[in-house]
Amino acid sequence: MSVASYPYQIQPHKVRQEFFRLFPISLFVVAFGAAFGLAATQQGLLPLEAMLMSTTVFAGASQFAATDMWGSEVSVLPLIAVVFAINSRHLLMGASLYPMLKDVAPLKRYGLLLFLTDANWAVSAQEYQSGRRNLEVILGGGLVLWLAWLVGTWLGVYFGGVLQNPKSLGLDMVLGCFLLAMALGGKKSARVLVAWGVAALASLAAWKWLPPHTHVVAGALAGGLIGYFWLDQPQAKAVAQEGEQA
Amino acid sequence: MTIETTTAGVLALIAIMALVTLVTRFGGVFAMSFVRISPRIESFINTMASSVLIAIVVPMAFSGDAGAVAALSVTAVTMLALRKPLPAIAAGIAAAGLVRYLF
């Protein structure tokens, strides 16, 4: 029996470095967390319940949506559907890291994924496009974002009044601006720009005509299809070689 | 099926949410472990990765207010000009705050 080898070694000092690198953005996550804590208590969740949700779910948009459905009773299937739909982008995000994650031992691999969220994934995916392998940001960056989410939720449930209107300061746009900056910092070939155009149109169409919260997955898959059929030059060569071997 | 929001009920609801979210975090990687990574698949997932970002941001601009549009366009222009994320994000947030203060 062959022994599987997992060449990717997580570097502790790089994990620390990435923790501090995402510290500035995590300050904004504290503000989001506070907004969630406030919303949750207003919907009747107890402070400890809101904290427990932030600790174990750690997915802001879906937590906001869930508290919107809160009452004296909560319908289970709609809750599952909404949480799954909003978080289904994780499926694609995780898949896109697979070329790196396959080189990590399974236990560590799924351990890292506990911390997978938009901001740390965006950094890792963007660096991978430029040829750097960085899974440390998933762990280090994920840890600081998770702590920020907890601190924020705690502030929100106990001192909700502190940040009455984060929107007026533009704080609701932090994640959008961050993700856009990550996208524009990446490689931009004609192929990528066409994929983005298709992704934009597909996501808008899905947002307009498909069930709510499906637009991210629809747009991303549409953009991915462009990549499937239109290869970069070196990749096209590799495909041709594979064809010869087969 | 509904669950009452008693203490036990809330714990169950949170557990359900955590489990569903965990499935999304693990599922993509788990599914990929059955796929052979050919150059074509690699090209698919790389293009898909940056398309995720576009598919989050574009509908955000279209469904948002003037502040959201200002934030995203100022971030885009600053990022393309300076190629540094932090100033671009800061400028975008400031733009949203300013537009919402003025209008």
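In the predicted model, H213(A) is found in the loop that runs between α12 and α13 of chain A. The backbone of H213(A) adopts a positive phi of about 70 degrees, although the residue is not a glycine.

Helix α13 of chain A comprises residues 215-229, and its 15 residues reach 22 Å from the first C-alpha to the last, a span close to the 21 Å expected at 1.5 Å a residue. Among the residues of α13(A) that are buried are H215(A), V216(A) and V217(A), together with G219(A), A220(A), A222(A), G223(A), G224(A), I226(A) and G227(A). The cover over these buried residues is contributed by both chains, and includes α6 (89-96) and α12 (190-209) of chain A as well as α2 (39-63) of chain B.

A positive phi in a residue other than glycine also occurs in chain B, where phi of R83(B) is near 60 degrees. R83(B) is placed in the loop between α3 (66-82) and α4 (85-102) of chain B, and is partly exposed, with a relative accessible area of 46%. R83(B) is in contact with G185(A), which, when neighbours within four places in sequence are left aside, is also in contact with Q126(A) and M79(B). G185(A) itself lies in helix α11 of chain A, which spans residues 174-185. The C-alpha atom of G185(A) is separated by 20 Å from that of S26(A), a residue 159 positions away along the chain.

The largest pocket has a volume of about 1400 Å³. Its lining is formed by 45 residues, of which G60(A), A61(A), D172(A), L175(A) and M60(B) are the closest to the pocket centre. Helix α4 of chain A (residues 60-68) supplies the largest share of this lining, with five residues. In composition, the lining of the largest pocket divides into 27 nonpolar, 10 polar and eight charged residues. Within chain A, both domain 1 (12-186) and domain 2 (188-246) take part, each providing at least three residues to the lining of the largest pocket.

How values were computed
Residues numbered from 1 in each chain as written. Chains lettered and ligands numbered in written order. Predicted model: local features only at pLDDT ≥ 70, side-chain atom pairs only at ≥ 80, totals over all residues. Heavy atoms only, no water. Helix = DSSP H or I, 4+ residues; strand = E, 2+ residues; numbered from the N terminus. Contact = heavy atoms within 4.5 Å. 1 Å grid on protein atoms, 1.4 Å probe; cavity = no way out; pocket = protein on both sides within 12 Å on 5 of 7 lines; lining within 4 Å. Points joined across faces, edges and corners; volume = space filled by probe spheres on them. Nonpolar A, V, L, I, M, F, W, Y, C, P; charged D, E, K, R; others polar. Domains from an automatic or database assignment. Expected span 1.5 Å × (residues − 1). Buried < 20%, exposed > 50% of the residue type's maximum accessible area, 1.4 Å probe, protein only.
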